[in-house]
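Please work through the exercises below with the structure at hand. Each task is followed by a solution in steps.

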Amino acid sequence: MAVVIETRSLRKQYHLGDVTVEALRGVDFAAAQGEFVAIMGPSGSGKSTLLHLLGGLDSASGGDVLLDGRSYTQMSDDELTITRRRQIGFIFQFFNLLPTLTAAENVALPLTIDGQHPNPSHIMSLLEQVGLADRKDHKPHQLSGGQQQRVAIARALVARPKIVLADEPTGNLDSQSGQAVLDLLRRASREQGQTMVMVTHDHRAAASADRVVFLKDGQTVNMVSLDDTGGKTRTQTVAAVMTEVGL
Amino acid sequence: MSSIYGLAWRYLFANRVRSLLSVAAVMLGVAVTISGSMIAGSVREGILRSDELRVLLEGMIAMLDPAMLFIGMVVMLAAGFLIFNTFGMTITRRRQQIGGLRALGLTRGQTMRVILAEALLLGVVGVALGVIFSVVLGQVLIAFIKPFAERMVAFGDAAPELPVVIFAAVMGLLITLLSVLLPARRAARAAPLDALREPAAAQIEPARRGQTVLGTLLMAGLLAYVILMPPGEWVTYPLDAPLTALVILLWLAGVLLLLPGVIGLAARLGRWLLPGATGRLMTDNLRRARGRVLLTVLTLAFALLVIIALNGFMEFFLNHSVGATLKAAEQRDALFVSRLDIASGWGEVIGRGLESVMLADDELHALVEVVEGSANYTLNYFVVVPELSFFGSGYFSYMIDPVLLRGVGDAMFTFSEGDWDTALPVMEAGCGVLVSPAVAARNNVGLGDTLTVTGRSGPLDCTIAGLGTSVAGATIISDTQHDQLTDMNPSLVLILPRLDTDPAELAARIQALSADFPEIRLTWVSDFAVALDDSGEIINVAFNAMLVLASFAAAFGVVNTMLMSVDERRREIGLLRAVGATRAQMRRIIIGEAVFMGVVGGVVGLAAGLGAVLIIVLTYGLNSIGLKADLLPIALASAQAALATGFAGLIAAPVVAALAAWLPARSILRETPIETLALT
C-alpha cells in the first residue's frame, strides 16, 4: 500500500520560560492508505504533538511532514490550511462542534468553508452512517456526548479526506459510545480506504487499529502490527507490548 | 506576595493590554471633562474682558458650560462601559482561577476586595493621567478651534479649574468602581465548583418580541404625537425644557427597547445578504452574547445620536429661533451703527471696556443729523436687568425711547400679545417693558401686570406693555427711567431706511462719517445674522471636537468588546482554523462582525438622531421667545442640516469598528491553530 503520510526526523521544542522541552526528538513515522494506526504513550510522550504536526496544526522545530509526498515546510499557511480543509479530517477529544450550527451544518462545515454547496444527500448519508439522521436539526447542546462525537466523526469524513486524525476520540465517552466510535473509524478506513491515525492511552481502543506505535519521551520506542497476533487477542497483544516498553 | 491585594497587582500586570485599555478609558473621560471646561473657561475669559461683549454673548456662554460638561459625561459613560466590559472579560477569563482560590478558602468578601482593589488602582492611575493629559488636550483643542472661532470669540488664558478637576476625578473613580461592582459581585457569588467548571458556549438568544413591539410602538407613537399635535405649539417657559427632556428620554428608552430586535433583524438580513460559511458565522455571533453586542452598538449609536441632535438643535436655535428674530429687520435692509465691528471680529474691542463701545455725544449728533428724514432709527442702550434677562440673569436688555421705537416698529419687536397702540402710552408714562413670553412666564406676569425689577439705585416698578419677539430675544425697556438703569450713552443705533430712501446711498453717507469719527462702524443686520451663525458654528465645532473624543472612547469599547468576544470564542476559532478556515476567512469573520455592529450602530444612530431633532424642535417650539411659525417645516429643515454630519457618522461608525476589531483579529490569528485551541 502506498504511503499517504510520513514524517522525517520530526522534532518539536517548546519554550516554557527559560526551560526548553523536547516534545519530539526526531520521529520517523509513516501510514499507508487505508491503514488504521494507533499511537500510544504516557502523558508527555509527545503523541498529541505528533498528531498536531501530522495535521499541520502546529509547526515543527525540525524535520518534515509529507502528505502524499508534499512537504509541509514547502507550503504557505494558506496552502497548508487548504490541505487541512480538503485532505485531513480531525476528531478531537472534546467534540468541538460549533454551538450555533445544527448537527447537519456542523457536518457540512469543511465544505461550506471551502465555498462548496454541500449535497444534502451526502450529509444525510454521513449522518445515517453515524446513526444520527433523526438528529440532523439538533444543536450540539441538544445532543449527548457520544452523539456529539459521532457528529464530529461525520464532519471529519465529509470532505472525503485522505487521512483522519483522532485525538483521544473515546476519552470522554462511556464504553458503549466509545466502542461505537471506534467501529465507525474502522469501517471508514476499510470501506473508504481512508488512513486513520488515532492517539489514545486506552489499550482497548488501540486494539481496534491495524498497527500500534508506542512513543516515550518524544521518541518511537516500539511498534506492533495487530494483523497477526499469534493466538492472543488484539487487546492482550497491545497490553503485552505496553508492559514490555514500560508504559 | 504579602497579602491578597498582591493578587490584584499581579493580575493587572500580567494582563497589561486590558489594564492599559481601562486606564486609557478613564484617562480620556477625565481629560475630556476637564478640557471641555477649559475651553468654556477660556472663551469666557476672553469675553469677560469686555462687559459689552459679555452681555451680548452671555446666552452662548451659558450654553457652553453645561454642554461641555454633558459631553465630558458622555465620554465618562463610554469609559464606564469599557471598564465594565474589561472587568467582565477579566472575570470570565479568571473564572476557574477564582474558583480555585475560593476552593482554597478565599471568602466572598476577599474576592470582592481583590477585584475592587484592581479597579481602584486602575481608576487612580487613569484619573492622575487624565488630569495631566487634560492640560495638553485643552490647549490642543483650543488651538484647533481658534482658526474657526477668532472672528467671533477671543480666547483668554486656559487653565483647569480646581472644582472641575475634583468633580472629574471623583466621577472617574466612582464610575470605575461602579462598573466593576457587578462583575465583582458575580465572581464572588459563584460557588467554587461552578466556577471551576468549563463555561458553556454561548447560544443564539432570540430577541424578546414583546420588547421590540413595545419599543416600536413607543417610538412611532412619540413621532406621531409630536408631528400631529406638536407640544411646541402650546408649551412655553418653564415647561418647554423639561417636557422636551422627558420626550427625549422616552425616545431614548424606545431606542433601547427596539435595539435588540434591530440587531436580530440585521443579523438575519446579513445572513441572507452574505451566504456562505463566513457570513453565517459572522451574523450568528451577533445573536449571541446579546448584552455585549447591544452595549457596543448602543455606544456607537448614542455617540452619533448626540452629535446629530446637537447639530440639529444649533440649526434650530440659530436660524429658526433666536436667529429668526433678526429676519424682520434683515428683510427691511436695516443696519446699525456701533463701535463693534462684528463682521471682522470682536477681537479688536476686547479689553477696552464698556466705554470703548459706547457712542460719544458728538458721534450720536452727527449720526442723527445724517439719518434724520431718510430713516427711522432707535438709540439702543444696553442694560443688564436680571429679572428681564432672556438667558440666565446676565443677558442684555435694550433701553429705547418709545417714540423712536414705534418708528422702527416690527423691525425691533413683533407682538404676540398687545399692540403698539396700547403699549406706547404705557411705555411713555413710566417704565414699560416689551418682553418675550419666556421672561413673562418666569416672572409669572402677564400683559398689564407690574413687575418690580432691580434698578441702579433700588427696586423699580415696570409695567408689561406687550409680549412678543424682539431682535436677539432681548427685553425692550422704555427710557423714561433712564437714570435708574444706566448712566451711559447708547451703544448702538438701529437704522431703518424709509421706503423712498436708497439704503446703499444712506449707508454710503453714514460711512462717510468715519472720516471724522473713525471709531464708528456700520453693520448690515444681514451681516450680523451671518456673524451670529458663525458664532453658532464655533460652538458646533467645539462640540464636534469633543464628540470625536467621545467616539475614541466608543472605539476603545469596541476594541474591548471584540477582545472579549474573540477571547470567549477562542476554541471555536481554533476549531475553524483546524478544519480549514484560512486566516483571511477568520479575519473577515471577526472584522465583519465589528463592521456589522458599526453599520447597525450608525444606521440606528442616524435614524434616532434625526428623530431626536424632530422631537426637540416640535416639543420645545418657539413660544418662549414669542415666535409663531409652522414647526414641522422648521423641524425638517433642522434635521436636514444635521444630515451631512449624520452621514459622516454613518460611514465613520463601521470604519471605527473595523479598526477596533483589527487588533484582536491580528492577535489571535498570529497563533497556530493548536495554540488557539490549547489556550482555551
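The structure is a predicted model, in which local features need pLDDT of at least 70, side-chain atom pairs count only at pLDDT 80 or more, and totals for chains, interfaces and linings use all residues. Residues are numbered from 1 along each chain as its sequence is written, chains are lettered from A and ligands numbered from 1 in the order in which they are written, and side-chain values use heavy atoms, with hydrogens and water left out.

**Exercise 1.** Determine the strand order of the open six-stranded sheet in chain A, and identify its edge strands.

*Solution.* Step 1: strands are DSSP runs of E with at least two residues, helices are runs of H or I with at least four residues, and both are numbered from the N terminus. Two strands pair if DSSP finds at least two bridges between them. Step 2: the order in chain A is β6-β7-β8-β3-β9-β10, with mixed pairing. Step 3: β6 (88–91) and β10 (219–225) of chain A each pair on one side only and are the edge strands. Step 4: within the sheet, β7 (residues 163–167) and β8 (residues 195–199) of chain A pair in the parallel sense over five bridges. D167(A) has V199(A) as its bridge partner in β8(A).

**Exercise 2.** Which strands does helix α6 of chain A lie across, and is R186(A) buried or exposed?

*Solution.* Step 1: helix α6 (residues 175–192) of chain A lies across β3 (36–40), β6, β7 and β8 of chain A. The helix runs at about 150° to β8(A); axes are lines fitted to C-alpha atoms, for helices over the stretch in contact (heavy atoms within 4.5 Å), and angles run from 0 to 180 degrees between N-to-C directions. Step 2: R186(A) belongs to this helix. Its relative accessible area is 15%, so R186(A) is buried (buried means under 20%, exposed over 50%, partly exposed in between, with a 1.4 Å probe and protein chains only).
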